[in-house]
Amino acid sequence: MDKTILAVESSGLNRIRIAKALEREYRVIEAEGGRDALEQMDTLKRVGDHVDIILARLDMPDMDGVELTRRVKADRRYDQTTVAISAPEREASRVREAGADLHMAAPIDVDGLLDALEHVMSEKAAKAFPGSSALTGTGI
């Protein structure tokens, strides 16, 4: 469990459901909305920790997933953070245009989510460290 997911969800029940589903594979931190997520990320950075993945909904009361994505992607401190947004298919282009690394159709299929996150993170690692056989799976 060396990766940290920040699960951003306004519904307490959904946050618990998401955390339970992901806690076997990730350290899960919960946030009630976009502002809370940004505050938690800042706090973690101040103590030398970080968030690897943000998993958020598009529709949140204080700051929607698009605005959260824009703010995270605009902040160089978080340039390695993967952003995954759950939204209806009709909103997929808006989510991608904001810079999200992954759009997931709602409701979230947890098994599919885990596979998709691993794929996106592998691609990001390969881009960050080109030519590294350990990361790209090309062998020795």
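Which residues of α2 are buried? In this predicted model, local features require pLDDT of at least 70 and side-chain atom pairs count only at pLDDT 80 or more, whereas totals for chains, interfaces and linings use all residues. Residues are numbered from 1 along each chain as its sequence is written, and side-chain values use heavy atoms, with hydrogens and water left out.

Gly34, Ala37, Leu38, Met41 and Leu44 are the buried residues of α2, where buried means under 20% relative accessible area and exposed over 50%, with a 1.4 Å probe and protein chains only. These buried residues fall within an arc of 125° seen down the axis of α2, so they line one face of the helix. Glu39 and Arg46 are exposed on the other side of α2. The elements covering the buried residues of α2 include β1 (4–8), β2 (27–31), β3 (53–57) and α3 (65–74); helices (H or I, at least four residues) and strands (E, at least two) are DSSP runs, numbered from the N terminus.

Helix α2 comprises 13 residues (residues 34–46), which at 1.5 Å a residue should span 18 Å; the end C-alpha atoms are 19 Å apart, which agrees. The expected span is 1.5 Å times one less than the number of residues. Gly48, with a positive phi near 80°, follows α2.

The lining of the largest cavity is formed by Arg17, Ile18, Leu55, Ile108, Val110 and Leu113. Here a cavity is a set of points on a 1 Å grid over the protein atoms alone where a 1.4 Å probe fits but cannot get out, and lining residues have an atom within 4 Å of a point. Helices α1 (12–22) and α5 (110–128) each supply at least two residues of this lining.

Methods:
On a 1 Å grid over the protein atoms alone, a cavity is a set of points where a 1.4 Å probe fits but cannot get out, and a pocket is an open set with protein on both sides within 12 Å along at least five of seven lines; lining residues have an atom within 4 Å of a point. The arc is that of the directions from the helix axis to the C-beta atoms. Contact means heavy atoms within 4.5 Å.
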